[in-house]
Amino acid sequence: RNTIEDVTPTHKIVQSNVRLMWRTTMQLALVLIGFLIPNCVAAVDDKPGFRETGMLIYDALVQGQPVRCIVDTGNGHGGTVDSSVCKLKVPIGSELANFQTSTTKVERPVLDNVSITFNGGPTAVVSVSVTDLSSLHQIAGQKIGVIVGIDVLRDMVLTIGDGEASFVKSVPETYFGSDVTQFSYSNRRRAELPVSLPALGTHNFILDTGYDGCLMITDSLAQSLLLSKRAVCSVQQVGFNPEGRHTHRGIIVKEVDISGVIFRNVPATIAGVNCIGMGLLTRLNMAVDFRKQQVYLDSNSSTPVGEFPLNASGIGFVYVSNEAIRVEDVRKDSPGSRAGVQPGDEVLSIDGKTPADLSLNELLEIVSKEGRTVNIQFQRLGQVYDVDLVLKRNFQYPPTWPMPTIEESRFLEFLEKPEQ
């Protein structure tokens with residue numbers, strides 16, 4: 001009995017210790033999971049988004065496969081899928097369809113009945129073109145699996161204001177009473193806004209969230225603006241689309257009027273279509289209802305701009321995560337090239353601020369102040385180096401606009417006179 005009495009308490013103690021160890025182990029496991037789960041979420045969320053690129057970039061599913069997408073309201077179809085996604089196979093002998101890009105017309109194969117979901121929204125089954133999207137890595141800082149086009153957005157509302165953009169189910173009440181512009185998909189299948197150009201009257205411009213600049217303008221309109229001295233030439237603009245790297249001639253337009261919101265000294269690129277890009281759209285307070293084909297624009301709370309932040313460093317920056325910036329391109333004969341900066345260099349800090357501290361807009365504000373000296377710390381192959389850049393452009397901005405002669409004034413009055 002003494003043996004039993006001696007053993008029993010020991011057994012209970014062992015059981016108690018086991019329970020205590022199990023509880024402690026579970027608590028430690030939960031603590032570890034608490035650390036690990038946020039890290040996993042961060043690993044997903046650290047991809048560059050709107051804040052770092054100025055573009056509408058989201059998580060998406062294509063045929064159930066997770067990818068990153070760019071929402072492009074300038075794409076008048078279901079979208080464009082990277083040829084590597086889901087191993088989508090284009091049948092041999094498939095007919096090619098014509099597509100208009102910013103630079104030229106291209107032919108691509110088309111696949112029907114492809115399911116696309118982005119940002120947790122509804123799934124759309126659409127037709128898509130197929131091509132290699134790897135060149136978009138140079139502006140998005142990540143692999144893009146699909147460009148989401150207008151057909152996927154048919155039941156959505158895009159809101160833009162105060163430098164933010166999001167998709168919602170219906171037009172917020174704050175836009176009720178705003179100016180409403182009706183657009184039609186039957187023309188070019190894309191939303192458009194009337195834009196008033198000096199001496200040239202009003203023309204429809206496509207709302208293009210896939211373009212990160214301010215304006216694209218056709219050659220004929222650009223030449224008329226240049227001849228009327230309502231625009232001046234600037235430097236060539238480098239851009240990327242699914243067909244790869246391309247350059248556009250650049251101009252500065254004296255004034256642009258979008259539903260009463262006046263923008264002055266507007267950078268524009270000469271292209272094959274007229275488009276309003278994110279550089280202007282994010283300064284408008286607007287909602288685009290794709291189902292009702294209506295654009296609500298609150299001109300009273302939009303932000304007129306007299307001078308845009310144009311990069312004066314000559315360095316093309318791209319976020320490769322929300323905490324890391326890489327040099328993508330360096331313009332010849334620029335402050336960056338003279339300082340020895342090279343593509344591929346990692347940016348550690350700009351004027352003492354790390355990439356995590358800066359949005360794209362904040363970065364551009366720093367490197368756009370011509371005449372200012374900016375300290376940038378880089379890393380190349382493990383070696384850290386600093387440069388002090390004296391910011392300078394190869395063209396005057398904002399331009400000094402000449403006063404028109406009497407003859408030019410009469411000519412401009414004639415152009416601006418409404419038709420009888």
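The legends below describe close-up views of one predicted model. Residues are numbered from 1 along each chain as its sequence is written, and side-chain values use heavy atoms, with hydrogens and water left out. Because the model is predicted, local features need pLDDT of at least 70 and side-chain atom pairs count only at pLDDT 80 or more, while totals for chains, interfaces and linings use all residues.

**View 1. The aromatic pair of Tyr58 and Phe167.**
The structure holds five aromatic pairs; rings of Phe, Tyr and Trp (its six-membered ring) pair if their centres lie within 6.5 Å, and planes under 30 degrees apart count as stacked, over 60 as edge-to-face and the rest as tilted. The ring centres of Tyr58 and Phe167 are 6.0 Å apart and the planes stand at 70 degrees, so this pair is edge-to-face. Tyr58 belongs to strand β1 (residues 57–62) and Phe167 to strand β9 (residues 164–168), so the pair ties together parts that are 109 residues apart in sequence. Helices (H or I, at least four residues) and strands (E, at least two) are DSSP runs, numbered from the N terminus. Tyr58 and Phe167 are both buried; buried means under 20% relative accessible area, exposed over 50%, and partly exposed in between (1.4 Å probe, protein chains only). Tyr58, Phe118 and Phe167 form one aromatic cluster.

**View 2. The aromatic pair of Phe263 and Phe308.**
This pair is tilted, with 6.4 Å from centre to centre and 40 degrees between the planes. Phe263 lies in strand β18 (residues 261–271) and Phe308 in the loop between β21 (294–297) and β22 (315–321), so the pair ties together parts that are 45 residues apart in sequence. Phe263 is buried, with a relative accessible area of 0%, and Phe308 also counts as buried, at 4% relative accessibility.

**View 3. The second largest pocket and its lining.**
On a 1 Å grid over the protein atoms alone, a pocket is an open set of points with protein on both sides within 12 Å along at least five of seven lines, and a cavity is a set of points where a 1.4 Å probe fits but cannot get out; lining residues have an atom within 4 Å of a point. About 170 Å³ of space lies in this pocket; grid points are joined across faces, edges and corners, and a volume is the space filled by probe spheres set on the points. Phe118 and Phe167 are among the lining residues, as are Asp155 and Lys169. The lining divides into five nonpolar, two polar and two charged residues; Ala, Val, Leu, Ile, Met, Phe, Trp, Tyr, Cys and Pro count as nonpolar, Asp, Glu, Lys and Arg as charged, and the others, Gly among them, as polar. Asp155 lies in the loop between β7 and β8 (157–161) and counts as exposed, at 55% relative accessibility. Asp155 and Asp289 are 134 residues apart in sequence and 8.0 Å apart in space, C-alpha to C-alpha.

**View 4. The largest cavity and its lining.**
The structure holds one cavity of 30 Å³ or more, and the volume of the largest cavity is about 50 Å³. Its lining includes Thr73, Leu158, Ala191, Leu281 and Phe290. By class, seven of the lining residues are nonpolar, two are polar and none is charged.

**View 5. Salt bridges.**
There are eleven salt bridges in the structure; a salt bridge is a side-chain nitrogen of Lys or Arg within 4 Å of a carboxyl oxygen of Asp or Glu. Asp82 and Lys143 meet in one of them, at 3.3 Å from N to O. Asp82 is in strand β3 (residues 79–82) and Lys143 in the loop between α3 (137–140) and β7 (146–148), 61 residues apart. Asp82 counts as buried at 3% relative accessibility. Glu255 pairs with Arg264, the closest N and O atoms being 3.3 Å apart. Glu255 is partly exposed at 29% relative accessibility, and Arg264 is partly exposed at 43%.

**View 6. Backbone details at Pro398, Asp162 and Asp351.**
Tyr397 and Pro398 are joined by a cis peptide bond with omega of about -5 degrees. Pro398 is placed in the loop between β26 (383–390) and α9 (406–416). Asp162, which is not a glycine, has a positive phi of about 55 degrees. Asp162 lies in the loop between β8 and β9 and counts as exposed at 74% relative accessibility. Asp351 has a positive phi near 50 degrees and is found in the loop between β24 (346–350) and α8 (360–367).
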